[in-house]
Amino acid sequence: MTATFKTIDDYELDGKRVLVRVDLNLPVKDGKVTDATRIERVAHTIQEIANKGGLPILLAHFGRPKGKADPDMSLSVVVEDLARIVGKPVHFAPTDWTDLKPAKAVIESAEPGSVVLLENTRFHPGEETNDPDLIARMAGLGDIYVNDAFSAAHRAHASTEGIARALPCCAGRAMQAELEALEAGLGNPTKPVIAIVGGAKVSTKIDLLENLVTRVEALVIGGGMANTFIYALGYDVGKSLCERDLKETALRIMDKAEDARCAIILPIDGVVGWHFEANTPSRTYGLDAIDKDGMVLDAGAQSIEKIKTAINEARTVVWNGPLGAFELPPFDTATVEVARHAAERTRKGQLVSVAGGGDTVAALAHAGVKDDFTYVSTAGGAFLEWMEGKPLPGVQALMTAPD
Ligand code: AMP
């Protein structure tokens with residue numbers, strides 16, 4: 001581990017007011033939380049702080065209220081689930097972030113062992129503009145700042161970045177696990193590293209591909225985006241999803257890979273369907289014989305073998321994006337088989353496997369291997385920006401913060 005950030009082990013928490021940035025941007029329908037996974041991810045950080053005598057005061061955003069107090073986007077909706085999962089009383093602290101008196105009153109009267117949840121940070125425009133005045137007032141509510149929201153770390157907001165410069169700060173347990181996994185995936189990985197990038201379109205992943213070719217020994221390009229590369233190499237991909245206008249981009253990425261000695265691994269056969277739907281008839285073709293009326297919706301058996309062999313040569317895999325239209329069987333085959341292979345090697349201690357972003361979590365869950373990977377990030381945008389090699393402001397602030 002070379003990352004230099006503090007953790008909650010570095011602070012005496014007893015009697016301290018601990019501002020904890022968490023991700024509580026949960027899906028809600030008819031006033032009820034429909035998926036509480038994000039609470040589960042941060043529960044142990046909150047419990048640990050409370051058990052050590054600190055008062056966890058939670059900071060989070062919810063939806064996009066655009067800098068105005070909006071009762072429909074009040075974080076009060078998560079209180080019940082939060083209290084149940086954390087197993088401690090939760091006091092909701094209302095505020096519009098201009099008048100902090102009601103929030104201060106809740107904090108002052110909170111009993112030891114309980115938790116305070118502050119109102120949606122995005123009720124104030126200063127949250128997203130990282131406003132110094134809001135940062136100072138927010139920081140005044142606590143003694144220590146703990147960031148446990150990697151998924152919000154790609155934004156330089158008051159509660160994710162500014163406040164880390166205003167208070168003694170450290171990573172919470174979920175952030176710590178995420179940063180350690182990312183360090184093992186690309187920061188300081190055991191080589192050789194193979195990256196697997198799939199998904200629909202090249203256009204959304206140009207920066208990511210350009211960064212990866214300079215960082216990894218091999219790059220598997222799969223899914224719909226592989227069609228653009230195959231087309232750029234001169235093959236006819238029929239009615240497949242293909243961004244023909246990105247031919248030059250695809251060629252440039254392949255050139256850059258060659259210069260960086262990164263092997264590009266493309267499918268050598270494709271499973272073609274004639275309708276974009278589950279269980280539609282399908283047939284496998286070599287690249288030079290793809291049916292003009294069909295769509296390549298998955299990688300073929302030979303491609304799967306080639307990818308598995310490449311994984312066998314790697315010690316680390318970093319994965320984003322499915323290798324086919326995995327929601328529509330049988331076009332889930334390549335994603336499922338390759339995921340299971342990576343999972344098996346991980347279980348045997350032969351591979352470090354880090355995955356995340358977009359549909360990847362759903363694809364690995366579909367393959368039944370989500371818990372067998374070394375680490376699966378649910379962070380979405382922040383995970384992709386990390387794969388693109390961009391500095392994440394919320395993480396940078398933890399790394400450089402004063403004592
Ligand atoms: P992304 O969000 O970019 O990771 O893309 C994920 C989506 O790509 C999934 O919904 C897949 O169904 C879709 N996808 C993957 N491979 C193909 C393909 N060959 N043709 C069409 N869609 C695909």
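This short talk covers the nonpolar cores and the cavity of one predicted model.

Local features here need pLDDT of at least 70 and side-chain atom pairs count only at pLDDT 80 or more, while totals for chains, interfaces and linings use all residues. Residues are numbered from 1 along each chain as its sequence is written, and side-chain values use heavy atoms, with hydrogens and water left out.

Cores to begin with. By nonpolar core I mean buried Ala, Val, Leu, Ile, Met, Phe, Trp, Tyr and Cys residues joined through side-chain atoms within 4.5 Å; buried is under 20% relative accessible area, with a 1.4 Å probe and protein chains only. The largest such core has 75 residues, and Leu118 and Leu219 have the most contacts inside it. Domain 1 (8-173) and domain 2 (189-387) both contribute residues, so this core lies between them; the bounds come from an automatic or database domain assignment. A second, separate core has 30 residues, among them Leu26, Leu58, Ile144 and Val146.

Now the cavity, meaning a set of points on a 1 Å grid over the protein atoms alone where a 1.4 Å probe fits but cannot get out; lining residues have an atom within 4 Å of a point. The whole structure gives one cavity of 30 Å³ or more. The largest cavity has a volume of about 150 Å³, volume being the space filled by probe spheres set on the points, which are joined across faces, edges and corners. Its lining has 14 residues, with Arg41, Asp148, Phe150, Ser151 and Thr378 nearest the centre. Each of domain 1 (8-173) and domain 2 (189-387) supplies at least three residues of that lining.

Definitions and conventions. Buried means under 20% relative accessible area, exposed over 50%, partly exposed in between (1.4 Å probe, protein chains only). On a 1 Å grid over the protein atoms alone, a cavity is a set of points where a 1.4 Å probe fits but cannot get out, and a pocket is an open set with protein on both sides within 12 Å along at least five of seven lines; lining residues have an atom within 4 Å of a point.
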